[in-house]
Amino acid sequence: MKFSINKSPKVITSYINWRKKLILMLLIGSLGILGVSLACLNFGVVSIHPKEIFSLIWNSSSDKTNSLIIWQLRIPRIIMAILAGAALSTVGGAFQGILRNPLADPYILGVSAGAALGACIGIALQYTTGYYLASFLPLFAFTGAMFSLYLVYMSSKISYTLESTGLLLAGVAINFLFSALITVLLALSKSELHSMIFWLMGDLSTANWNKITIITIPAIVGSLFLFLSSLDLNALSLGEEEALHLGVDTGKLRIRIFIIGSIIIASIVSFTGLIGFVGLIVPHITRLLVGPDHRVMLPTSALFGAIFLILCDTFARTIITPTEIPIGAVTAIVGAPLFIYLLRRRNV
Amino acid sequence: MSISETILKIENVDFSYNGNQKTLSKISFSVSRGELLGIIGPNGSGKTTLLKIVSGILKPNKGNMLLLNQNLNNLSIEKIAKFISVVPQDTWVTFSFKAKEVVFIGRLPYISRLKGETLEDYQISQEAMVKTQSLPLSEKNIQKISGGERQRVFIAKALAQTPQLLLLDEFTSHLDLNYKYEMLNLLKKALTEEGLTIISVFHDLNLASIASHRLILLNVGKIEKIGTPQEVLNEENLQKVYGVKPILIDHPYLKVPQVIM
């Protein structure tokens, strides 16, 4: 005989509303992305009339130059911002979940430092050897990222049997080590300094359709895998042992999300550089708006992250035209006050 | 309901955290369906460790453990979660979940990740909240309710997991007197009417004496005495384990021993 509970006839309807909430958020988010993208297509060094933009989107025949600007520059850049914003926010939210730490971001487990070191080595080699390596930079970055993923995984395994603190400490240590090496490279560099700094601050200006094709699959497939772990992440929020008692293999969950998340991040930052802050604050803002249930929170923060990054990038490329400022600076300048405002409001 | 079917049987279990000093040694006991087995003993005697061994979080170095005639050591934690649920001593929830969401997480072992939950999962969660009188807390932020309220929510969560064996770790520590006894009544009802079995760690010897059918008295990782409250709570045993001479009186109605220090 099994311990059963008498079923009450009526269930409080508010209990089931996460699906409604999710659908509503997906709708709002998608429309938001569409609206913001169309609006941001208007901004740029060359001004193109909105009417013309619309006709260019439907049939790209009218004006060759403008068509090129819209189809080869602005649209790829916006799509890149969507992919990067969504991926960084999803992974940030998932990492906060597995580490049970609201201060975690997608870069905390070291993968970004590896990518950065890889990219900086690539840039340094280009300047010292004279070979043109710019188009291979993503490969350098991705290799660096995978190297750091391996190091973090191995060192967390040695020390703490993959508890969250073990993984966190290993990530922080590798971050420090690689950042120090990057600093050495920066200190030794001369003319290549500007390229390195731009890479470190994030840059969407090199977006093109090829890059989009390459990162779409890891970003989308990876994020779907993360979404499928939502209930397990909810359980982990109650505590390590609580999750075990609920049948969640927390060690495996953590490693799975660490590896999937890191691969997503590696493939994104290899092309965009280190766009900071998005992956930290967007999950928080989303939690304040829709609650902490990962089933709603993760997909919603993907969409919000996309909107946030399109706006930041448009800002970055237009605020002092024709000069661009690094997008990583914009995300922090815009995001930090917004974040503090929301936190204050919640506590009142 | 007669106490008959053995739910859990533990034989000669040894456990140590670091390999040299044994935290538990030669632990043997069994629990039958419908029974409430209390675990008492001084701080550091291994009460919580024993609970963690039973819940499958810690693996013993030696010994046999049978859960409903299956070897507990070979069961996956996914399987164990369908038999055993646990109310921990202290809880800390990372994000600001609502109380009803916390209770619903108790249904996790039964929910397919791809298909999602059913209406029944919500009904069971809600009924568990009704039983533990935590329904009025449904919409409240779990981080912002009192310790006692949170404990009731976590008991509801453990009941929503529909276990056969419920493990409690000082579950009354934050509860007010009225909830303490209501929770006790609720659990006793679940024992007799629904065939639940409970193993509970008690800090409060008097509550342990009132609530439990049998008691295990632990002393530095060994079972000093196992038996009914009358058999375990006597002057000789308590003085040996706790090192002070207690005064024992009989509860005026329940006729179980009560300790006055």
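**View 1. The largest pocket holds about 650 Å³ of space.** This is a predicted model, in which local features need pLDDT of at least 70 and side-chain atom pairs count only at pLDDT 80 or more, while totals for chains, interfaces and linings use all residues. Residues are numbered from 1 along each chain as its sequence is written, and side-chain values use heavy atoms, with hydrogens and water left out. A pocket is an open set of points on a 1 Å grid over the protein atoms alone, where a 1.4 Å probe fits, with protein on both sides within 12 Å along at least five of seven lines; lining residues have an atom within 4 Å of a point. The volume is the space filled by probe spheres set on the points, which are joined across faces, edges and corners. Of the 28 lining residues, A:S223, A:L224, A:F227, A:R295 and A:P299 lie nearest the centre.

**View 2. B:F15 and B:Y17 form an edge-to-face aromatic pair.** Rings of Phe, Tyr and Trp (its six-membered ring) pair if their centres lie within 6.5 Å; planes under 30 degrees apart count as stacked, over 60 as edge-to-face and the rest as tilted. B:F15 is buried at 5% relative accessibility, whereas B:Y17 is exposed at 51% (buried is under 20% relative accessible area, exposed over 50%, partly exposed in between; 1.4 Å probe, protein chains only).

**View 3. Arginines lie over aromatic faces at B:F95 and B:Y179.** A:R287 is 3.9 Å from the ring centre of B:F95, and B:R152 is 3.6 Å from that of B:Y179. A charge sits over a ring if NZ of Lys or CZ of Arg is within 6 Å of the ring centre and within 35 degrees of the ring normal.

Notes. Chains are lettered from A and ligands numbered from 1 in the order in which they are written.
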